[in-house]
Amino acid sequence: GINAEYGELEVTFFCESSNNAYPLSWISFNALFMVGGIVLAFLSRDIENRFNESKLIGFSIYNVFLIAAVVTPISFLIDDNPNVTFAIKSIGVLGISMIPTGILFGNILYIIFLGKLPSNSNENTSNSISKTGY
């Protein structure tokens, strides 16, 4: 507003665009990485079970896609309240980063701390691993 007493003028700038090129390019860029992850999971499906992470990679990609499919439309639809939009996007970013990390490293931490492969292992070898990992 204008403060006539002190001759001050308050100016507020907004960054706004009617073009959705940036969000669409970012979504496309991330989709390309997800397709790469799917290809990686498919190609690594026949590796020895102890080193095979294709199922974990698949679960991670599924969770990233699911969270992005829910958060992205909601963040575009709720533009009138910046606090709610920020909260939804923040929860989405935390979910996209923390859930796949937990999925990928949870199995490894299980092996490290308990010293054995998970019970759902289909490997025909012994189910225990020495401290050296062999």
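## Exercises on helix packing and a pocket

In this predicted model, the axes of helices H2 and H3 come within 9 Å and cross at roughly 175°.

**Exercise 1.** Work out how H2 and H3 run relative to each other, and then describe which classes of residue make their contact.

*Solution.* Begin with the crossing angle of roughly 175°; because angles over 145 degrees count as roughly antiparallel, H2 is roughly antiparallel to H3. Next, look at the residues that make the contact, which include Ile 57, Val 64 and Ile 67 of H2 together with Ile 88, Ile 96 and Leu 104 of H3. Finally, sort the contact of H2 with H3 by class, which gives 14 nonpolar, 7 polar and 1 charged residues.

**Exercise 2.** Describe how H1 packs against H2, giving the angle, the distance between the axes and the handedness of the crossing.

*Solution.* Start from the geometry: H1 and H2 pack at an angle of about 165°, and their axes are 9 Å apart. Since this angle is again to be compared with the limit of 145 degrees, H1 and H2 are therefore roughly antiparallel to each other. The crossing in which H1 passes H2 is left-handed. Among the residues that meet here are Pro 23, Ile 27 and Met 34 in H1, and Ile 61, Phe 65 and Thr 72 in H2. By class, this contact of H1 with H2 has 11 nonpolar, 4 polar and no charged residues.

**Exercise 3.** Describe the largest pocket by its space, its lining and the helices that supply that lining.

*Solution.* First take the space, which is about 1300 Å³ in the largest pocket. Then turn to the lining, which consists of 36 residues, with Pro 23, Trp 26, Ile 27, Asn 30 and Thr 72 nearest the centre of the pocket. Helices H1 (21-43), H2 (54-77) and H3 (82-114) each supply at least two lining residues, and the largest share, 12 residues, comes from H1.

Notes:
Residues numbered from 1 in each chain as written. Predicted model: local features only at pLDDT ≥ 70, side-chain atom pairs only at ≥ 80, totals over all residues. Heavy atoms only, no water. 1 Å grid on protein atoms, 1.4 Å probe; cavity = no way out; pocket = protein on both sides within 12 Å on 5 of 7 lines; lining within 4 Å. Points joined across faces, edges and corners; volume = space filled by probe spheres on them. Helix = DSSP H or I, 4+ residues; strand = E, 2+ residues; numbered from the N terminus. Axes fitted to C-alpha atoms, helices over the stretch in contact; angles between N-to-C directions. Parallel < 35°, antiparallel > 145°, perpendicular 65-115°, else oblique. Left-handed = near helix turned anticlockwise from the far one by under 90°. Contact = heavy atoms within 4.5 Å. Nonpolar A, V, L, I, M, F, W, Y, C, P; charged D, E, K, R; others polar.
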